[in-house]
Amino acid sequence: MSAVDQGAPGAERTLGQLVASATAEMSALVHDEIALAKVEIKQDVKRAGIGSGAAIVAGVLLLFSLPVLSFAAAYGIHNLGLGLAWSLLIVGVAFWLLAGVIGLIAMAKFKKIKPPVKTIASVKETAALVGTVKPHARSVSDNAVGVARSSS
């Protein structure tokens with residue numbers, strides 16, 4: 001056996017063997033990182049799907065509860081001594097008022113939306129600056145002229 005034995009611990013390896021080993025280990029590392037990323041993303045997608053489904057179910061249940069709660073409020077007012085028609089009308093008007101207040105809040109928020117003034121000013125300034133820039137006069141050597149002429 002020689003002093004440079006592949007199987008012996010602490011044996012010296014050639015540059016080619018070191019490069020091959022580093023390439024193989026780097027490839028294995030990249031494959032392992034990709035596999036780990038796939039597992040993590042798969043878990044996150046599953047969680048997002050379950051969360052979205054739960055949110056949709058909750059929204060549907062809230063939507064279905066609105067008429068029931070409306071009738072409950074109307075019958076509660078009716079039990080105070082008002083007629084049923086008046087009770088239903090009061091609940092309906094209350095919903096209209098609530099929708100109106102929320103609509104006014106939404107309109108106020110939409111009116112506060114402004115265009116990106118700073119960005120527009122910056123773009124206009126840059127465009128004006130670029131429009132005023134003129135190319136520098138370049139000195140052309142005889143060799144460059146010959147090359148330019150030969151390529152046309």
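Is Arg-47 buried or exposed? Arg-47 counts as exposed, at 55% relative accessibility (exposed is over 50% relative accessible area, buried under 20% and partly exposed in between, with a 1.4 Å probe and protein chains only).

## About the model

This is a predicted model, in which local features need pLDDT of at least 70 and side-chain atom pairs count only at pLDDT 80 or more, while totals for chains, interfaces and linings use all residues. Residues are numbered from 1 along each chain as its sequence is written, and side-chain values use heavy atoms, leaving out hydrogens and water.

Arg-47 joins Asp-44 through a side-chain salt bridge, 3.3 Å from N to O (a side-chain nitrogen of Lys or Arg within 4 Å of a carboxyl oxygen of Asp or Glu). The count by this rule is one salt bridge.

The two residues sit three apart in helix H1, so about one helical turn separates Arg-47 and Asp-44. Asp-44 is partly exposed, at 46% relative accessible area.

## How H1 meets H2

Helix H1 covers residues 15-79 and helix H2 residues 84-111 (helices are DSSP runs of H or I, at least four residues, numbered from the N terminus). Their axes come within 8 Å and cross at roughly 130°, with axes fitted to C-alpha atoms over the stretch in contact and angles running from 0 to 180 degrees between N-to-C directions.

Residues making the contact (heavy atoms within 4.5 Å) include Leu-66 and Phe-71 of H1 and Leu-88 and Phe-95 of H2.
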